[in-house]
Amino acid sequence: MKQTLRNFSVLFAWLLSYAVMAQDRTITGTITSSDDGSKLPGVSVVVKGTTIGTATDVSGSYKLNVPSNATTLVFSYVGFLTKEMAIGNNSTLDIVLEADSKLLSEVVITGYGVAQNKRELTGAIATVKGSAFENLPVQSFDRALQGRAAGVQITGLSGQPGGAITVRVRGTGSINAGNDPLYIVDGVQVASGGLSGQSSSNVLNSINPNDIESIEVLKDAAAASIYGAQAANGVVLITTKRGKSGKTQFNFSANEGFVEPIGVLNVLSAQEFATLKQEGFVNRELTRGSNAATIAAARQASNNSFGNPATVQNTDWQSQVYRRARVRTYDISANGGDEKTKFYMAASYNLSEGQIIKSDFTRGTFRLNVDHKASNKLSFEASLGLSTTTQNGTISDGAFTNSPQFSSALILPNQPVYNDDGTFNAPLAGAFSFNPVQSVTYETRKGVTTQTVSNLAVNYYFLPNLKYRAFVGLDYANNRDDNYRDPIVPQFGVTGGAATVSNRTTLNWNTNHTLNYFKKFGVHNINALAGAEYRQEVREVVTAQGQGFPNGLFTTLAAAARPITTTGTYTTWRIASLFTQVKYDYKEKYLATATLRYDGSSRFGADNRYGLFYAGSLGWSLSQEDFLKDVSFINELKLRVSYGVNGNAQIADFASRSLFGLGGQYLDLPGIAPSQLGNKNLGWELAKTVNAGLDFGFWNSRITGSIDVYSRRNERLLLARQLPVDSGFGAINENVGVVRNRGIEFVVNTVNIDAGGFKWVTSFNISFQDNKVISLNEGRDRIGNNIQVGKSLGILWQPSYAGVNPADGRSMWYDSLDNITYSPVARDFRIQGYTLPRSFGGLTNTFSYKGFTLDVFFQGQFGNTAFNNNGFFMENSATSGWNNLRSQLARWQKPGDITWVPRPIEGGVEPGSASVGTFSSKQTESGSYIRLKQATFAYNLPSTLLNRLKLRSARVFVQGLNLLTYTSYTGLDPELLTAEIGTYPQARQFMAGLSIGF
C-alpha cells in the first residue's frame, strides 16, 4: 500500500505556489522516503506560520525562496508523518520522511487508479485488505469477502470447488436485469458469471486471492457514479500487489489439508423404509375396503419390491458418493526493484478435491506487475495475469436423476451398489434408476479454462500537478468443455454413448484516457479528473455432439458413429463513455465531490442509447472544528451525505432489437421467422441513491467505525408487457416499475486489550435491509404470485399446512378463510415468507500474544425464510418411489396420534384429499444462521531463530473453515441461495500451512 501511495503520489499532493514578498534567500533540497529511499513528488514545503511554500517536483526536488527572518520549514505528505526542520544557515535541506502506518491503512482506491485518504472520502466504501483472507483455501476472492464488508451479501450457489456464488451490494434492485456488481481488477473491467457448462463455475477463479493487496466495494452513488451505467449494483475494485524498491524479497507458502461433508441428509434405513412402505400398501387397501387376503397380498407385494423389514439389507448410498478429500495450495512470490523499476512476480498452484467423488478443481496462476519510471515525467505500469483452471465436476446443480448429490439420498436403500460378481448394480429399481457411483465413474464432465486479465498504462506529467494517463486492459478467456457418457452405463447405452464438446471464448477489453489535475491553493484543495472510456465484449460458442461409441477407450468425437448436432453462437456489446469528477476540500474540514458520466451502450434502443449519470456528495469533518478539537477522546468524527443516479446495463445484448430466429424452414430449405419485437425506446434501469453516513474514531482510534443509512430506488425496470395474440408476439420489453431498497449499515472496530504483550482486536459489521416492490407495469399489483407490489422480492407463495387429523391421519391445510381443508386450491395460497434476509454481518476476534495469534471469524444472516426442497421431496411418508427422511418415522399410526406427519398410503393421495407432496408452509423454515466460518491459529517464529535460519519471516498455522453452524434449519445448508435440492453442498475444511519470507 505504501508503494501504491508513491505510484499515485501526485494525486494527493499539497501544492503551494504563492508569490511572497521580502524573499531574501533560496533553500533547495530533495525529499525521500524512509521506507525504501525513493524520491517523493508532491511533498508540501511551507515556511512555518506563513502561506509561503512550494512542492517537490516529480524527482522529489524543491526550491523555495524564504524571508530572511524564516526559521523553520514544515514538510508534509499524505501517508507520511509531518516533519519540521530548522533552517539555520543552511541553503540545502535534504529530508527523509517517515511513513505514517496509521494513515497508510486508511488509503483507498476510488476508481481509475485514484487513491484517496479515507479521511477525505465523502462516499460509502467498504475496504477489505488482502491480509484478511491471505492463505485461505478459497478459489475466488469474492468468497473471502463474505461477512467482512458491510452491505455486501455473499451467498454460495454451489459448494463445488470453484463453484458459482452471488454478490449483492445493498440488496436486489432489478427483477429481470442483472444484479451483479461491476468487477474491476487493476483497472480491467472483467466479465462476471461462469464459463464452463459442465459444472458450477466462477470466472473470478482466475485471480489468485494471495495476489490481492486490497478490495474496495463502492456502495453508494457518490462512490460508484464514476462508472455510470455499470454502477447501479455497486462496484468492486481489486488491487493486486506491486513491487517495492529495495532488495528482492521472496515469500513462499504451502498449505495442506482435507475437506469433508458438513453433514448429509438423515434418511431412512432399508428396514425403516420397508416398514413404512408396508404400512402404506396396507393403508391403501384398508381405504378401499379390501379383504384380509387382498391386504396380505399387498403386504407381500411391498416386501417383494422394497424388502421384508425383518431381513432386508441396507445400503448407505450417501457414504458411497461423499468422501474426505484433500486440498493443497503452493504460492511463491518475489518483489523488489530500484528507484526506476519495481516488480512483483508470483506463481501459485491449487488443488481442491470435492467432497463428492470425481469432482475437483485445479488452478495454476502466474502474475507479473512491473512499474517503470522512464523519466521525471514519463512512467509505465504493466500487469500480466495468467491462469489455467481445470474442473472435473458432477452434473450441474439441480434435480437430475444422474446427479450424485441429488440421487444418493433418494435411491431406494434396499438396492446394493454392486452385484455379487462385483459389477455395478444397474439399472436400479425405483424412480431413480441411475447408479450414481457407476454414472460418475463412467461419465466425464470436464471444463478447462485458460484466462488472462492483463493491462498496460502510461503516465505522463505535463506539469507537476497535471497528469495524463492512458490505459488498456484485456480480459480474455478460452474454455473447453468435454462431456463423455460411456455406453457401459445402461441409460447411456441406449444411444451407444454420447460425447459433447464445446469451445467458448470471451474477449473483453476496455481502454480509457484521463487527465488528472490537482492543486492546493492555500487552504483550498482541488482534484479534478476527466476522461473517456470504451469497452467491448465478444462471446462465441461452438458445440458439436456425436453418438455411438465402441467403448470407453474411444471418447473423441471422431470415434462417434453418428454426428448429431453442430451449433455456434456469437454475441457482442459495446459501451462508450465520457466522465468527469471534481473533488474539493477546505482545510480538510469541508469536503465536496461532484461526478458526471455520459454513457452510450449498444444494448439499448436507437432512440434511447445514451444516458447521463451523476452524483454529488458533501462531507464535514467535525473533529477538525474548534469546538471539538479539545475533546480528547475524539480523534475522528465526520459526516457524509450523498445523492446520485447510476444505470444498470445488465440486460441481454439484443433486448431492444427486433430479432429473427430459426424456425422458418420449409421443404428442407432454410428459413427464418420473427422471434422478438424490438423497442427503440428501451433504455437504462436507473438506480437513485441517497446516503448519509458518520465515520468515527475515539480514544486514539481504540474504537473506530462508521454508520450509514441509505435508500435506493431502482426505476424504469425492464419488464415484459403482454401483447394481443394477433400481434404475432407474446410480449415486448419496456422500462416500467420501481423497486426500493433501504437499510442501515454499522461497522465498529475495537482494540479491547493491548497490554503486556497481549492484544485483543474485534471487527464487527452488520447490515439491515428492507426490500419492497413499489410499482409494476400496466398498473398491475403482481407478476405471478412471487412478485407483488408493496411486498419484498423473493415471496414464498404457498398454502398453510395445518397438520394431521388425529382421527384418521390425513394431511390438513387452511383455506382462505382459515378453515380446515383437505384440498387447498389457488385462492388458499398466501405469503409464507421471503427469501431475502433482513440482516447479515460478520464478527472477527483476533488474539495475539508473543508470536501466537488466534483469529476467529463468525458470519451469519437473519430474517429470511427458506424453502426446504429436500423436505418437499423426502417428507411424504414414504409414499413415493424414493427414500425419505427419518422424520417420517413420526407418522400417524392410530387414532389420537398428534403429529405433523400423515399416515403412509401408497400413491400418496387419500380419497378426497390433496397429495401429501403438496407444496405448503410445511416446508418453509427460518433460514437464519450463524456460522463459525473460519478459525486460524498461527505462530510467528521469533527474530532470534529467524536470524539463525537466515529468514526474514516464518509463520506456521492451522485453520478450519465452516466449522460450526447454529441454525434451526433442518436442510443441508442454510447458506445456499437456491432451493437446495440437488445443490452441491458446502464442505468443512481443515488446513495446516507454512509461510516463510527470505
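Modeller: Happy to! Let me start with a cut-off: a residue counts as buried under 20% relative accessible area, as exposed over 50%, and as partly exposed in between. Please keep in mind that this is a predicted model.

With that scale, we can begin with the backbone. Arg716 has a positive phi near 55° although it is not a glycine. The residue sits in the loop between strand S33 (703-715) and strand S34 (718-722), and because its relative accessibility is 28%, Arg716 is classed as partly exposed. Lys850 is another non-glycine residue with a positive phi, near 50°. Its loop runs between strand S45 (839-849) and strand S46 (852-862). Lys850 has a relative accessible area of 60%, so it is exposed. For context, most residues other than glycine have a negative phi, and most peptide bonds are trans. A cis peptide bond does turn up between Ala426 and Pro427, with omega about -5°. Pro427 belongs to the loop between helix H8 (404-407) and helix H9 (436-441).

Now to the salt bridges, of which the whole structure holds 45. Take Glu381 and Arg469, whose closest N and O atoms are 3.2 Å apart. Glu381 is in strand S21 (residues 378-392) and Arg469 in strand S23 (residues 466-485), so this pair ties together parts that lie 88 residues apart in sequence. Both ends are out of the solvent by our cut-off: Glu381 is buried at 10% relative accessibility, and Arg469 is buried at 9%.

Arg284 and Glu285 also form a salt bridge, with 3.4 Å between the closest N and O atoms. Here the two ends fall into separate classes, as Arg284 is partly exposed with a relative accessible area of 21%, whereas Glu285 is buried at 5%.

In the salt bridge of Asp781 with Arg782, the N to O distance is 3.8 Å. Asp781 is partly exposed at 48% relative accessibility, and Arg782 is partly exposed as well, at 28%.

Finally, salt bridges can join up into a network, and one such network links Lys638, Arg640, Asp695 and Asp708.

Methods: Residues numbered from 1 in each chain as written. Predicted model: local features only at pLDDT ≥ 70, side-chain atom pairs only at ≥ 80, totals over all residues. Heavy atoms only, no water. Helix = DSSP H or I, 4+ residues; strand = E, 2+ residues; numbered from the N terminus. Buried < 20%, exposed > 50% of the residue type's maximum accessible area, 1.4 Å probe, protein only. Salt bridge = Lys/Arg side-chain N within 4 Å of Asp/Glu carboxyl O.
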